[in-house]
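Colleague: Hi! I am new to reading protein models. Could you walk me through a few features, one at a time?

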Amino acid sequence: MEQTEKLKVYIVSDSVGETAELVTKAAASQFESSELELRRIPYIEDISTLDEVLSMAKESNSIIAFTLVVPELRKYLKEQAVKEGIPAVDIMGPMLDGLQGLVKSPPKFRPGMVHRLDEDYFRKVEAIEFAVKYDDGRDPRGLLRADIILIGVSRTSKTPLSMYLAHKRVKVANVPLVPEVAPPEELFKVNPKKCIGLTINPEALNGIRSERLKALGLQAQASYANMERITAELEYSKRVMDQIGCQVIDVSNKAVEETANIILESIRKSKA
């Protein structure tokens with residue numbers, strides 16, 4: 001018994017063509033006997049390629065589904081499809097027109113914008129994973145790969161800052177400074193401009209640490225919250241920061257967002 005040739009849909013796009021393909025598959029799923037062959041033709045840049053697709057579609061009695069944002073290509077395909085009697089479905093066009101009327105400004109007409117947004121998303125995810133992996137000095141090798149390194153004594157907001165900056169696509173490692181533990185040697189090999197020292201006044205730190213101990217069900221008088229111990233830690237951290245020659249930010253009365261904005265501004269200036 002002779003097999004019938006599958007019905008074809010040509011997926012045409014001036015970008016990857018995933019959107020048109022997904023919409024076509026979603027529509028096809030509504031038909032019980034739909035055995036379609038989807039032929040994706042991405043990155044259309046010229047009219048000659050559209051002419052080839054039109055010719056193939058006409059010859060095989062197929063339809064064209066397209067997402068073309070370049071106005072000239074979109075207009076040409078629509079006009080030629082009508083002229084040749086080829087069914088052509090403009091997937092992106094009506095939404096572009098609708099949104100243009102809503103926002104009262106023209107589209108960018110640049111193919112591939114969705115994938116640029118995807119890349120932005122994946123950079124954010126990568127930065128978040130980086131911040132988790134190199135939090136609290138877990139692996140000093142991360143210091144050499146970080147965009148920013150935060151250093152400071154315990155409870156100076158290193159971890160919250162790392163995560164906040166990661167959502168801004170900045171790869172951050174952080175290192176706690178403890179008098180009894182020598183800082184990793186990698187800390188002194190990186191560009192000092194990548195390093196940010198976080199300091200805080202002793203009274204504010206005492207209050208934060210005391211509350212932390214209470215939350216853990218421990219005595220607030222423990223050495224962790226002892227003023228003498230706190231002063232010693234802050235003096236030690238200052239010596240390390242002076243040795244590195246890094247920027248120092250006093251976080252005593254600053255929200256995480258405020259400190260992060262100072263750091264982001266430093267990054268912007270260093271790239272200018």
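Modeller: Gladly! Let us begin with a term: helices are DSSP runs of H or I with at least four residues, numbered from the N terminus. Keep in mind that this model is predicted.

Colleague: Thanks! Where is the place of Arg74?

Modeller: Arg74 sits in helix α3, which spans residues 71–84.

Colleague: And is Arg74 buried or exposed?

Modeller: Buried means under 20% relative accessible area. Arg74 has a relative accessible area of 11%, so it counts as buried. Leaving aside residues up to four places away in sequence, Arg74 touches Phe66, Leu68, Asp90, Gly93, Pro94, Leu96 and Asp97.

Colleague: Next, how do I read a phi angle?

Modeller: Most residues other than glycine have a negative phi. Tyr43 is not a glycine, yet its phi is positive, about 55°. Tyr43 lies in the loop between β2 (36–41) and α2 (47–59), and at 53% relative accessibility Tyr43 counts as exposed.

Colleague: What is the phi of Arg169?

Modeller: Arg169 has a positive phi of about 70°, although it is not a glycine. Look for Arg169 in the loop between α6 (158–166) and β6 (172–176). With a relative accessible area of 35%, Arg169 is partly exposed.

Colleague: Last one: how do I read a pocket?

Modeller: Rolling a probe the size of a water molecule over the atoms shows where empty space is left. Here, the second largest pocket has a volume of about 270 Å³. It is lined by 13 residues, and Asp147, Ile148, Ile267, Ser270 and Lys271 are the closest to its centre. Helix α9 (residues 256–271) supplies the largest share of this pocket's lining, 5 residues.

Colleague: Which classes of residue make up the lining of the second largest pocket?

Modeller: The lining of that pocket has 6 nonpolar, 3 polar and 4 charged residues.

Definitions and conventions. Residues numbered from 1 in each chain as written. Predicted model: local features only at pLDDT ≥ 70, side-chain atom pairs only at ≥ 80, totals over all residues. Heavy atoms only, no water. 1 Å grid on protein atoms, 1.4 Å probe; cavity = no way out; pocket = protein on both sides within 12 Å on 5 of 7 lines; lining within 4 Å. Points joined across faces, edges and corners; volume = space filled by probe spheres on them. Helix = DSSP H or I, 4+ residues; strand = E, 2+ residues; numbered from the N terminus. Nonpolar A, V, L, I, M, F, W, Y, C, P; charged D, E, K, R; others polar. Buried < 20%, exposed > 50% of the residue type's maximum accessible area, 1.4 Å probe, protein only. Contact = heavy atoms within 4.5 Å.
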